[in-house]
Amino acid sequence: MKDRKQRSNHPHNSRVDTHSYKNRHIWVWVISIVALLAVAGAAYFASVYFRTKSAVDKTYDPKTAVKTTGEFDGKKKLLMGTDTGALDRTEKRGRTDTMILAVVNPAKKRYTLVSTPRDTMAQMVGSESFKTEKINAAYELGGAKMSMDSVSKLINVPIKYYAVVNMGGIMKMIRYVGGINIRPTLSFEYGGYIFKKGKLTHMGGAGALAYSRMRYDDPRGDYGRQERQRQVITTLIKKAVSISSLSNLDSILTSVSSNVRTNLPFSAMQQIAMNYRSCANSSSSDYLHGYNAMIDDAAYQVQPTSELQRISNLVRKELGLPKETVSNNETFQNEKNIANGFSFKSEKTQHYHIYDYTEEGDN
């Protein structure tokens with residue numbers, strides 16, 4: 001299995017290679033709202049409309065295109081699958097350090113962000129043969145489609161749309177909107193920046209990157225980092241949809257066109273901006289709570305069946321879908337491992353075995 005030597009996100013594990021991490025670290029967020037922050041006023045300013053359309057058209061990835069007719073009329077709930085990866089790298093896509101599922105609920109005028117830990121054990125849906133890897137390998141192995149399909153299967157929710165955002169683009173976006181104000185969740189120093197817990201702090205692009213990147217000194221490890229990432233994302237969205245951001249529209253659109261890839265066409269983006277703009281000011285967040293385990297010689301986050309069901313219920317409720325029992329490779333592996341002595345209640349790090357789901361499971 002590839003990348004078995006990569007260490008886990010669990011706060012009690014050792015550090016991973018810093019150079020590799022920095023080169024790969026890319027961030028994800030709800031691009032549809034930010035990319036089209038000016039579309040609501042486009043009917044009044046034709047030049048704004050065409051500049052926005054030109055920039056967004058450059059982000060469109062036709063290889064993963066899906067039909068969107070009637071999807072974004074404001075009467076249905078919007079689900080976007082978001083993942084990360086290096087843009088315009090033909091030799092290697094790279095792994096996704098952060099994967100965030102975004103659900104927009106127009107009826108309740110809010111959106112929800114759900115993080116999937118990068119080391120989560122998951123089936124690579126779409127692979128030529130049965131393969132179980134860390135979820136962050138999906139983008140490297142099969143691009144956006146495999147990422148969407150793997151997360152969709154993991155928690156049993158439909159995912160059709162995605163946005164890939166390069167971290168450099170996020171830094172520029174924050175700078176172009178004039179920075180963001182955040183109250184840090186803990187005190188720490190990283191990359192030359194000092195953050196004090198609870199103290200309202202103005203962050204530019206580099207400062208926000210430092211705030212959201214640190215994980216080694218966080219008692220909660222990668223889970224703490226995920227919380228800070230969602231905090232930066234929600235703050236950025238609120239700032240980006242404000243009228244004050246229009247003064248830097250050209251810079252924002254340039255950043256978007258060169259740092260974003262999505263399978264949403266401009267027409268769908270228009271409808272999102274018009275019909276879901278009111279959802280930008282209210283948000284909630286959650287994440288999959290994994291259990292640390294060893295698979296072969298690598299540390300993974302294994303998700304208990306009860307946790308997969310909890311997150312599935314949460315997302316499906318926001319989508320207006322009925323609850324369904326999660327039944328997939330992960331629940332099958334959990335059942336087999338528990339039958340052979342594995343316990344999710346144990347405080348010890350245990351070995352977790354991968355059984356052939358193709359032959360024994362209901363694949």
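Predicted model: local features only at pLDDT ≥ 70, side-chain atom pairs only at ≥ 80, totals over all residues.
**The whole protein.** Start with everything shown. You have 12 helices and 15 strands on screen, and 55% of the 363 residues are buried. Of the contacts between residues at least 6 apart in sequence, 70% join residues at least 24 apart. The accessible surface is about 15800 Å², with carbon and sulfur atoms supplying 49% of it.

**Helix 4.** Next, select residues 138-155, which make up helix 4. Its 18 residues would span 26 Å if the helix were straight, yet the end C-alpha atoms sit only 15 Å apart. Where does helix 4 bend? Go to Ala144: the bend there is about 100 degrees. Helix 4 is largely enclosed by the rest of the structure, because 13 of its 18 residues are buried.

**A pair inside helix 4.** Stay put and show the side chains of Lys145 and Asp149. They form a salt bridge, with the closest N and O atoms 3.1 Å apart. Both residues belong to helix 4 and are 4 residues apart, about one turn. Lys145 has 52% relative accessibility, so it counts as exposed; Asp149, at 24%, is therefore partly exposed.

The structure holds 8 of them. Select Arg228 and Asp218, whose side chains meet at 3.0 Å, N to O. Arg228 is in helix 7 (residues 221-240), while Asp218 is in the loop between helix 6 (205-213) and helix 7. Are these two buried or exposed? Arg228 is buried at 0% relative accessible area, and Asp218 is buried at 7%.

Then jump to Arg316 and Glu324, another salt bridge, where the closest N and O atoms are 3.4 Å apart. Here Arg316 is buried at 6%, whereas Glu324 is partly exposed at 39%.

**A network.** Now pick Asp286, Glu307 and Arg310, which are linked by salt bridges. Asp286 lies in strand 12 (residues 283-287) and, at 14% relative accessibility, is buried. Beyond its sequence neighbours, Asp286 contacts several residues, including Leu113, Ser115, Arg230 and Leu314.

**Last stop.** Finish on Ser267 in helix 9 (residues 266-276). At 38% relative accessibility, Ser267 is partly exposed.

Key
Residues numbered from 1 in each chain as written. Heavy atoms only, no water. Helix = DSSP H or I, 4+ residues; strand = E, 2+ residues; numbered from the N terminus. Buried < 20%, exposed > 50% of the residue type's maximum accessible area, 1.4 Å probe, protein only. Contact = heavy atoms within 4.5 Å. Areas by Shrake-Rupley, 256 points an atom, 1.4 Å probe, with all protein chains shown as cover. Expected span 1.5 Å × (residues − 1). Bend = angle between axes of the 7 residues up to and from the residue. Salt bridge = Lys/Arg side-chain N within 4 Å of Asp/Glu carboxyl O. Lists of a residue's contacts leave out its neighbours within four places in sequence.
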